[in-house]
Amino acid sequence: MASRPSLFETQKSALRGAADSSFGPTAQALAAAAVLAGTKVLVHLQGWETLVTGVPVLTALLGSVVFTLAIVLAGVLADFKEAERGLGEMVSQVRRLHWDFSLTGADAATLTELRANLLHFLEMVRENARHGFRWRLRDLHSPIDAMDRLLVERIKMPWPTTRTVQMGLGALTRNVDRLEVIVETTFMRAGYTFAAAAISVVLACFLLAPLGGSLPGSLLVGAIAFVLVGLYVLVRDLDNPLAGSVRISTGQVDKLLEFLRARQAGEAPAPVVNSP
């Protein structure tokens, strides 16, 4: 099968690369904390601390926001773990199908084509997983459809074990479609909007409430902003398991690709050298 250039390997900007690193959420939270701490100093010096309320009230507001973020995190984390499990199951199914194809009664040429399409499918899985923000069903279903057609058109007298391969292709299709739903959809947009609004209200209350001198107040607001903004960014990052700084590993896919390519190279016939 002819190789083609990568669809998704594009050069990331420096800002995007920093945001997608493991320190991305921490850096964004620190930046927000520094800005709000400086704003608190300005508010204190200008005498704008007009919200006369007790610290227990502010603490209750802070607890309600954290509770809201915990609700959103529970739903996002469930999808994250399911995507992690789905990708692992897909790797296991591809590995099993590579060997089960030999039990379909297919001839050597058909068997080679089946395994080549299986390798192409796994390459498309890695391409889409590296892109992170897109799960192209056309690229993923095309090699599966090609394998189905080979089984139907080339195998005139299927063996009883051919059904095992068909069931394996069906399970592979289900995992592809399920991962497409997880990647392409966003969990609870209204929940994110409400959480962001609640965080903004709580931080505004802390900015306008007297918290002692400028230094203690700015440190307290900065610490609270670091926690709230960091949690929010982390939850949003978890929403897409294949992108951002918190993403599932594709190491299993890479290892299986190396194995299948080695097998394909080993099964390829040796080139004929014409003697002079």
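Reader: Why are helix 2 and helix 7 called oblique to each other?
Author: In this predicted model, the axes of helix 2 (residues 24-46) and helix 7 cross at roughly 40° and come within 9 Å. Angles run from 0 to 180 degrees between N-to-C directions, with axes fitted to C-alpha atoms over the stretch in contact. Under 35 degrees is roughly parallel, over 145 roughly antiparallel, 65 to 115 roughly perpendicular, and the rest oblique. So helix 2 and helix 7 land in the oblique class.

Reader: What makes the contact between helix 2 and helix 7?
Author: Helix 2 brings Leu36, Thr39, Lys40 and Val43, and helix 7 brings Leu203, Phe206, Leu207 and Leu208; contact means heavy atoms within 4.5 Å. By class, that's six nonpolar, one polar and one charged (Ala, Val, Leu, Ile, Met, Phe, Trp, Tyr, Cys and Pro are nonpolar; Asp, Glu, Lys and Arg charged; the others, Gly among them, polar).

Reader: Why does Arg126 count as buried?
Author: Arg126 has 17% relative accessibility. Buried means under 20% relative accessible area, exposed over 50%, and partly exposed in between (1.4 Å probe, protein chains only). So Arg126 qualifies as buried. Arg126 sits in helix 4 (residues 108-131). Across the chain, buried residues make up 40% of the 276 residues.

Reader: What does the side chain of Arg126 make a polar contact with?
Author: The side chain of Asp254, at 3.4 Å. The cut-off is a pair of N or O atoms within 3.5 Å; within protein, one must be able to donate a hydrogen and the other to accept it, and residues adjacent in sequence count only if both atoms are side-chain atoms. Leaving out residues up to four places away in sequence, Arg126 touches Val253, Asp254, Leu257 and Arg261.

Reader: How many helices and strands does the chain have?
Author: Nine helices and zero strands, both taken as DSSP runs numbered from the N terminus (helices H or I, at least four residues; strands E, at least two).

Reader: What do these values rest on?
Author: Local features need pLDDT of at least 70, side-chain atom pairs count only at pLDDT 80 or more, and totals for chains, interfaces and linings use all residues. Residues are numbered from 1 along each chain as its sequence is written, and side-chain values use heavy atoms, leaving out hydrogens and water.
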